[in-house]
Amino acid sequence: MDDILLQILNGLDKGGAYALIALGLTIIFGTLGVVNFAHGALFMLGAFCAVAVKSLLGFEKVVLDPTKLTAWGTPVEIRTPYIEAWFGDFGTQMLNFSVPVSIIIAIPVMLLVGIIMERGLIRHFYKRPHAEQILVTFGLAIVLQEIVKSQFGANPIPQPAPEIAKGMVDFGAMIGLQAGGVVYPAWRLIYFLFSLLVIGAVFSFLQFTTFGMVVRAGMADRETVGLLGIDIDRRFTIVFGIAAVVAGLAGVMYTPILSPDYHMGMDFLVLSFVVVVVGGMGSLPGAVVAGFLLGIVQSFASMNEVKAIIPGIDQIIIYLIAVVILLVRPRGLMGRKGVMEQ
Amino acid sequence: MSILSVENVNKNFGGLRALNNVNLEVEAGTVHAIIGPNGAGKSTLLNCFVGRLEPDTGTVLFDGQSLLGLKPHQINQTGVSRVFQTPEIFDDMTLLENVTIPALAKRDGSFRLNAWKAVRGETEIHEAAHECLADVGLAEKSQELARQLSRGDKRRLELAMCLVQDPKLLLLDEPTAGMSRADTNNTIDLMRRIADQGVTMVVIEHDMHVVFSLAEKISVLAQGTVIAEDVPERIKGDARVQEAYLGGAHL
Amino acid sequence: MGRNTTPKQDWMLLIGFSVVLLAAPFLLTPVGAGYPDLLQKFAIFGIFALGFNILFGLTGYLSFGHAAFLGVGSYAAVWTFKLFSMNPILALIVATVIGGLFSVIIGFVSLRRSGIYFSILTLALAQMSYNMAYSVATPITNGETGLQLAQSDPRILDVAFGRDYGAVLPSSDLFGIHMNGYPGFYFCAVIFIACFFLSMRIFRSPFGMMLRAVKSNQNRMSYTGLNVRPYTLAAFVISGMYAGLAGGLMAVTDPLAGAERMQWTASGEVVLMTILGGAGTLLGPVIGAGVIKYFENIFSAFNEGVLTQLFDFLPAFLQHAMVSVSSLFVGEGWHLTLGALFMVIVIFLPGGLMEGFNRIRSLVARLLRRDTEEPEKPDPIERVPEPAE
């Protein structure tokens with residue numbers, strides 16, 4: 001029982017990331033009709049927002065202390081981040097909370113990136129064939145990740161979670177099971193809750209605002225909404241920006257779980273596509289449900305007991321599920337009949 | 001002898017009864033028109049002929065063989081060709097290629113890995129294709145790309161693509177929709193000539209002018225039911241038809 | 001346009017292609033590409049792109065997983081070396097067949113969808129194969145180390161025919177001719193010519209015409225009595241076999257196989273080669289493969305030292321700026337150039353270089369016509385035989 005619960009928890013954080021990326025992909029595809037192969041790169045850019053904020057906050061003042069000497073006889077360098085020197089304890093806390101702080105920076109940055117992408121590139125491809133949309137966003141993904149690689153190097157850069165969230169949470173005890181049975185890293189739990197929060201925000205935005213209503217109508221029937229005289233184009237830009245922010249936030253918060261490197265985006269993108277396909281192309285709830293579902297399935301498949309029966313299953317289970325779904329139920333778990341079935 | 005027979009076909013969409021006990025017999029070698037006001041179920045019926053839709057009950061027999069559940073390419077292989085409302089042609093290929101493809105499909109069946117011989121070596125196919133293009137009056141344009149044609153010419157091309165297969169039955173869905181008067185008259189002449197060669201045609205049409213200058217028999221569909229089926233002269237005078245179709249006005 | 005070529009024009013094209021290819025070691029020496037390793041790559045990736053073009057160029061189905069077949073072909077060839085014989089011909093046959101079988105499986109699944117769905121499926125399935133090469137399939141692929149030859153390999157056929165490689169690690173050889181250096185290139189070149197010829201036959205054949213019909217209008221195609229799926233599957237498998245063959249040739253010229261060949265970046269590269277040259281044209285993908293491999297070779301070799309020399313004529317501050325900007329794109333940054341090139345081509349020249357050539361040619365033709373203003377005299381440009389298709 002505890003094991004099962006633990007595996008479910010294990011799947012939730014990764015599932016949260018899949019769900020957030022897949023959500024953005026679905027919104028973009030549903031409204032703009034564009035398949036965005038650069039969406040993984042947005043996730044990656046978000047993660048590197050956190051890296052950048054951390055290193056900006058971490059700029060150090062170097063003071064030589066002539067009273068102490070190193071083994072080589074030079075004065076000892078005392079390094080203190082400027083932010084600590086200026087703000088004292090508050091500065092220390094800022095550094096400690098660099099990942100959550102990055103969110104504040106990441107939102108405008110990702111919004112800007114999204115808007116520039118849509119205005120500068122995607123916009124000109126609405127009427128082009130799907131193959132060309134795929135190719136141009138694929139090229140963009142390569143460009144973005146190579147730029148990041150040239151600035152930040154090829155190696156993963158670990159990002160610590162805030163001290164307070166570094167420990168483990170005795171989840172079992174929290175829900176009344178035996179203490180110590182289900183112990184789980186606090187940050188992963190936070191990530192799961194965070195992804196729920198963002199998903200909730202996106203859904204209520206779509207559900208309760210006029211803007212969201214137009215977007216939903218656009219997803220159901222783009223042509224008609226266009227005919228109603230609603231200025232779709234301007235809204236498209238904002239929709240794209242929102243999707244970029246969602247992917248970026250998913251990336252920022254994921255950094256303590258997986259040290260970001262330049263190709264993390266593409267790894268997640270392929271899986272997020274699978275999530276979209278399994279959930280049903282064009283279905284937002286489908287993307288979310290399938291995201292968590294596949295995260296959990298993957299976590300079960302990586303249990304040693306399962307791997308003992310079918311070795312290596314954890315590497316391919318998601319793809320297998322996608323193949324089976326496509327063969328048995330082409331529209332996906334929650335897709336509407338006839339949408340993109342061909 | 002009837003080549004297409006539709007018996008007791010019913011089709012519902014949700015609560016809407018699109019076809020209500022439709023019976024229809026198409027005689028071989030005749031031009032049979034299906035007319036009716038908008039929403040009468042003409043397109044639904046046509047889609048039942050070609051396997052796009054499956055009737056809830058009833059049978060569609062072509063040449064004594066059921067067409068239900070067959071895929072479009074299988075239906076074509078039995079000898080049914082179709083002309084669409086908006087011409088469906090191979091836009092970025094030449095006219096000659098457009099007609100060569102159906103000619104090959106007729107000879108080679110639905111699939112053949114004929115990857116070694118050159119197309120230009122298929123002399124007989126080419127001759128047949130040229131002949132058909134000449135029949136519809138497009139011989140000089142055989143090397144042009146299909147997308148450059150006018151709408152009327154696209155329709156001619158589509159007809160040529162059907163005729164090269166020597167179909168037992170030719171289905172036409174509003175063949176003159178969106179055409180100018182001159183184009184319409186040309187198309188009527190062309191179809192008249194095709195009919196004279198003995199090709200069986202089922203025409204779905206809005207335009208009375210087209211129907212009465214072509215059809216040898218007319219079925220009138222209203223609200224999913226065949227309300228009359230007769231030769232044109234008698235359809236013209238039929239009170240029920242005028243009632244359903246024109247709300248009582250005289251033709 | 002070029003589709004109605006005469007047999008004579010086709011033969012001229014084939015002969016011209018063969019002559020240029022066989023003379024490549026001499027022709028390309030002045031531009032610094034006349035050495036066997038690079039020439040082998042031209043031929044191998046040319047074959048890969050030719051095959052990809054049969055699928056993407058003719059039917060319009062954009063596969064993002066073709067590198068998987070390349071990788072599978074390499075593994076199959078190395079295993080043939082290990083188990084049976086160092087003879088490259090046997091290894092290539094096995095690589096092609098295995099590549100074909102593998103593409104039957106992947107094609108069968110992914111061709112149930114079209115459009116973007118198809119692209120995503122091929123991407124996912126190829127990524128799955130790549131993951132498997134590192135996990136479940138390690139007994140076959142030898143995981144991250146890559147599959148290599150060993151002295152102790154059985155090589156049944158070689159042993160049966162009394163071939164003994166002594167104490168050294170064997171390299172593949174065709175009845176005594178070793179497949180490295182120029183002999184290796186000429187071996188690749190002969191196969192490349194054969195592949196080009198086959199591709200030309202397919203382009204001119206009724207089968208090729210049906211594949212173009214798939215791209216043009218599937219609805220009309222099925223109402224014309226043609227079953228679309230076997231046509232697309234056949235195209236998929238043929239292109240998979242080309243990829244398997246190319247992967248086999250990689251193993252022939254350098255007998256080792258690693259999973260990195262199967263990664264999505266490698267799939268993306270062949271897509272780029274094809275569109276850069278011109279998808280759907282006969283010669284375009286070959287040119288695309290050549291251009292990309294050539295520039296990869298040049299650009300990856302650049303470093304800051306070379307750049308500093310290159311911009312030596314500029315004032316110091318400009319030189320510094322130019323070096324730091326351009327160093328992003330060379331050496332390690334070659335992939336950035338590749339990505340940028342990808343975007344530029346798709347945005348400005350979706351028809352690829354072949355379309356560019358044709359545009360320039362008709363522009364020149366128009367200019368010349370304006371100058372002469374003599375309708376009787378045939379335009380000299382018009383008489384140049386079509387280079388493509």
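Predicted model: local features only at pLDDT ≥ 70, side-chain atom pairs only at ≥ 80, totals over all residues.
**View 1. Overall build of chain C.** Chain C contains 19 helices and four strands. Its radius of gyration is 23 Å, close to the 21 Å that the globule rule gives for 389 residues, and chain C is therefore as compact as a globular protein of that length. Taken along the principal axes, the box filled by the C-alpha atoms of chain C is roughly 75 × 70 × 40 Å.

**View 2. Burial and contacts within chain C.** Of the 389 residues in chain C, 51% are buried. When contacts in chain C between residues at least 6 apart in sequence are considered, 76% of them join residues at least 24 apart.

**View 3. Strand β7 of chain B.** Strand β7 of chain B covers residues 169-173, and because five of its five residues are buried, the strand is largely enclosed by the rest of the structure. In a regular strand, side chains alternate between the two faces of the sheet. Here B:Leu169, B:Leu171 and B:Asp173 point one way from β7(B), whereas B:Leu170 and B:Leu172 point the other way, and all are buried.

**View 4. The strands paired with β7(B).** Strand β6 of chain B (residues 80-83) runs parallel to β7(B) and is joined to it by four bridges, with B:Leu171 of β7(B) as the bridge partner of B:Arg82. Strand β8 of chain B (residues 200-204) also runs parallel to β7(B), and five bridges join the two; in this pairing B:Leu172 stands opposite B:Val203 of β8(B).

**View 5. A β-α-β unit in chain B.** Together with helix α6 of chain B (residues 181-196), the strands β7(B) and β8(B) make a right-handed β-α-β unit.

Methods
Residues numbered from 1 in each chain as written. Chains lettered and ligands numbered in written order. Rg over C-alpha atoms; globule rule 2.2 N^0.38 Å. Buried ≥ 20, exposed ≤ 12 C-beta atoms within 10 Å, placed from the backbone. Contact = placed C-beta atoms within 7 Å. Pairing = 2+ DSSP bridges. Right-handed = clockwise from strand over helix to strand, strands pointing away.
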